[in-house]
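Here are my notes for your reading of the structure. Please keep the sequence and the model open beside them.

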Amino acid sequence: MTALRYVYAVCRPLSAPLQAQLTGVAGIPARQLEHHGLIAVLSLVPEEDFAEEPLKEHLEDLEWLTATARAHQNVVDALTGVTTPLPLRLGTVFRDDSGVRVMIEEREEDFRHALDRLEGRVEWGVKVYVEQEEEKEAVEERPAARPASGRDYLRQRRRRTAAHEQRGQKADEFAARLHEALSGYAEDARLHAPQNATLSGATGRNVLNASYLVPRSRSEEFVELVDRAEDDTPGVRVELTGPWAAYSFTGLTQGVA
Amino acid sequence: MIAVEHREIALVDLLDRLLAGGVVITGDITLRIADVDLVRIDLNALISSVNAQVPSPWPEAEAP
């Protein structure tokens, strides 16, 4: 069985060794490969699961994808504790060590620039949801307002739709304001597509899904800023995730090789 | 209270970053990775079909 190289991240040489039992994808420990003063953090993974075809199939298997994404994150997260890693996209696989070395050589300058730019920074994820209360509202209103006529009924309906639209609009305005405030505080910001409720299992409509690049030293204030934001608009929920490695700010999403 | 750090990270949040972010490396030296946008779409379809069949879909509770 041939082993391929699954690479999680590129970083500068670590001052402390990796955790002895830092488990990566497929339950395989992560190790370092140093080249040209940079290190690639990788696992030796079986070809039968990580070669192009099996990998493609596996990526469509939700259970496999979940386990692999968590394992990838587990390694990158551990690195975040000791250095500023430049995370690679999930599923970046090389044939052998020499392939990894060539990749480092080819992109050395890009990597160094990105690592300098991201040094000491982390990514925070902020999502805003507008609570969807139509059902609750409908139940509440029914006893108080049984329509006396068709015209009453239409009037009520209009009112309800207007209230609903108004809340949606308020939530959008809230999200825009929050994004502006957080962008002003952060060094950089990225908007992700709103999450599909079926995928996320979250309640409410996702009106903002963003990432912010913040120096680690200013993160506490950033979190407070997010924390305070939620209080001033009812019917809106704010969720914070992080700190993440700067996945959304690698700035190297275009393949150069 | 917004602190979410203690909760297990949601798969969608992971995928927003691990499949849509990160450095993309292409070329002879890498195995060609699957088109992630396609993966994303298939994933949507996959999850919808899973949801349609069973009320409690995937083993989200599996801690690493």
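Predicted model: local features only at pLDDT ≥ 70, side-chain atom pairs only at ≥ 80, totals over all residues.

1. Residues are numbered from 1 along each chain as its sequence is written, and chains are lettered from A and ligands numbered from 1 in the order in which they are written.

2. Chain A is assigned domain 1 (3-119) and domain 2 (122-249), the bounds coming from an automatic or database domain assignment. The C-alpha centres of these two domains of chain A lie 34 Å apart. Their contact takes 5 residues from domain 1 of chain A and 4 residues from domain 2 of chain A, where two residues are in contact if their C-beta atoms, placed from the backbone, lie within 7 Å.

3. Helix H3 (residues 62-82) of chain A packs against helix H1 (residues 11-18) of chain B at an angle of about 65°, with the axes 10 Å apart; axes are lines fitted to C-alpha atoms, for helices over the stretch in contact, and angles run from 0 to 180 degrees between N-to-C directions. Helices (H or I, at least four residues) and strands (E, at least two) are DSSP runs, numbered from the N terminus. H3(A) and H1(B) are therefore roughly perpendicular to each other, a term for angles of 65 to 115 degrees. The contact is made by A:Thr66, A:Ala69, A:His72 and A:Gln73 of H3(A) and by B:Leu11, B:Leu14, B:Leu15 and B:Leu18 of H1(B).

4. A:Val41, in strand E3 (residues 38-46) of chain A, is buried, with 26 other C-beta atoms within 10 Å. A residue is buried if 20 or more other C-beta atoms lie within 10 Å of its own, exposed if 12 or fewer, and partly exposed in between, with C-beta atoms placed from the backbone. Not counting residues up to four places away in sequence, A:Val41 touches A:Tyr8, A:Ala9, A:Cys11, A:Ala30, A:Gln32, A:Val75 and A:Leu79.

5. A:Ala26 lies in the loop between strand E1 (3-11) and strand E2 (31-35) of chain A and counts as partly exposed, with 16 C-beta neighbours inside 10 Å. A:His36 is placed in the loop between E2 and E3 of chain A and, with 11 C-beta neighbours inside 10 Å, counts as exposed.

6. The peptide bond from A:Gly242 to A:Pro243 is cis, with omega near 0°, and A:Pro243 lies in strand E9 (residues 236-244) of chain A.

Definitions and conventions:
Parallel < 35°, antiparallel > 145°, perpendicular 65-115°, else oblique.
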